[in-house]
Every structure is written in structure tokens, then in C-alpha cells.
Amino acid sequence: KTHLNISDSEKYNGLIYLKNYNVKGDYYVVTPGAAWSQKRWLANYYSEVIDRINKKYNLSAVIIGGERDKICDQIHSKTHTKVINIKGKTNLRESLAIVSQANFVLGNDTGFLHAGESLGISAITILGPTSRETGAGIFLKNSSVIENKTLWCRPCSQNGSVPCYRKEQYCMSEIKPDMIMHAVNKLNL
């Protein structure tokens with residue numbers, strides 16, 4: 001088990017930063033980027049989940065990512081409810097401070113999702129080409145892994161860097177928003 005530490009002043013500054021975007025109260029973090037495109041869940045599915053969480057729980061979604069994570073903009077443009085897209089606007093420590101105070105983190109098998117767990121924040125991890133057997137996964141009691149265990153072709157690589165050779169990347173396209181919502185509902189928000 002790993003543990004990260006964020007100072008009280010960093011946490012305070014993270015909340016002040018979010019207040020500039022009118023985030024007051026509870027929120028969750030969406031971290032949809034990934035070094036390899038095969039590890040990214042579909043933008044329209046993320047948008048649907050964000051809309052459904054907002055409607056059911058009235059939680060603000062804060063999207064974090066790197067400057068080149070175009071998927072953050074795609075999600076933002078497809079979402080019908082308020083979403084805060086701060087991709088490329090925060091440094092590592094600022095992003096960690098924001099993650100450290102979230103209700104939960106939702107995303108692909110990426111660093112910020114694992115950082116969230118190291119900060120004690122429950123995570124909903126979407127695993128496509130990677131798996132627990134190749135080093136992906138979560139560890140906190142309230143965290144969830146969403147994956148399609150029935151596919152014969154996955155995991156196809158240790159880190160998701162190998163392009164899919166099938167006509168469709170079923171390990172991601174067959175993970176539906178209902179599966180994510182089931183995991184969110186288990187968090188007792």
C-alpha cells in the first residue's frame with residue numbers, strides 16, 4: 001500500500017482554486033486521459049455518466065488531465081450538465097490536492113486514479129487492455145474495478161501500449177455507463 005501526503009495549505013488552495021469555478025461542496029474527479037489511447041474509455045460514455053451522477057447526486061464533476069488530453073475537451077463538449085474541465089491548468093501538486101478532497105475518483109488505469117487511492121480516496125477504475133494480473137487495479141475497500149472479464153483477448157499487454165487488432169476494442173466499448181453507475185451507487189454518496 002502506498003501513501004501520499006498533501007499539506008493542509010495545499011488542500012486549502014485546492015478548494016480555493018475550485019471555488020473560482022463555482023465548485024462549492026462535494027465533487028468527484030474524472031481522470032480520463034492515458035498515455036495510450038487503448039486505455040481510454042469512450043468520451044460519450046463518460047459524458048453520460050457525468051450527467052447521470054449530477055442528476056442523481058448533485059455532485060460536480062472536475063476533469064483533470066494533461067494539456068494534450070483531448071478526451072477531456074470531448075467529454076466537456078458532450079456533457080449536458082455542469083462539468084469543470086481544468087485539464088492542463090494545474091500542476092501535479094495542485095491536482096493531487098484537488099483529488100485528495102474528492103468524494104471519489106473515476107477513470108482509466110492511470111496515475112491520478114492510483115494517486116487518489118494513495119490519498120485514501122475511493123476509485124472507480126475502468127480496465128480495458130490491462131488487468132489486475134498485469135499490475136492494474138485498486139486496493140481500497142470501497143473502490144471498484146470495472147472490466148469485461150469474458151473477453152479472450154484481454155489483457156493484451158501489460159500497460160495498454162499494444163494497439164487492438166480487432167475491428168472494435170470490445171474491452172472498452174462493452175463497458176457501459178450502467179456498470180459505472182452501479183459502482184457509484186455502491187459508494188453510498
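Buried means under 20% relative accessible area, exposed over 50%, and partly exposed in between (1.4 Å probe, protein chains only). This is a predicted model: local features need pLDDT of at least 70, side-chain atom pairs count only at pLDDT 80 or more, and totals for chains, interfaces and linings use all residues. Residues are numbered from 1 along each chain as its sequence is written, and side-chain values use heavy atoms, with hydrogens and water left out.

**Exercise 1. Find how many disulfides the structure holds, and classify C72 and C171 by burial.**

Step 1. Set the rule: a disulfide is a pair of cysteine sulfur atoms within 2.5 Å.

Step 2. Apply it. The structure holds zero disulfides. For C72, the nearest cysteine sulfur belongs to C171, 20 Å away.

Step 3. Check burial. C72 has a relative accessible area of 0%, so it is buried. C171 is at 6% and therefore counts as buried.

**Exercise 2. Classify the ring pair W41 and Y45.**

Step 1. Set the rule: rings of Phe, Tyr and Trp (its six-membered ring) pair if their centres lie within 6.5 Å; planes under 30 degrees apart are stacked, over 60 edge-to-face, the rest tilted. The count comes to five aromatic pairs.

Step 2. The centres of W41 and Y45 are 5.4 Å apart and the planes meet at 55 degrees, so the pair is tilted.

Step 3. W41, at 1% relative accessibility, counts as buried. Y45, at 14%, also counts as buried.

**Exercise 3. Classify the pair W152 and Y165.**

Step 1. The centres are 6.5 Å apart, with 55 degrees between the planes: W152 and Y165 are tilted.

Step 2. Both W152 and Y165 are exposed.
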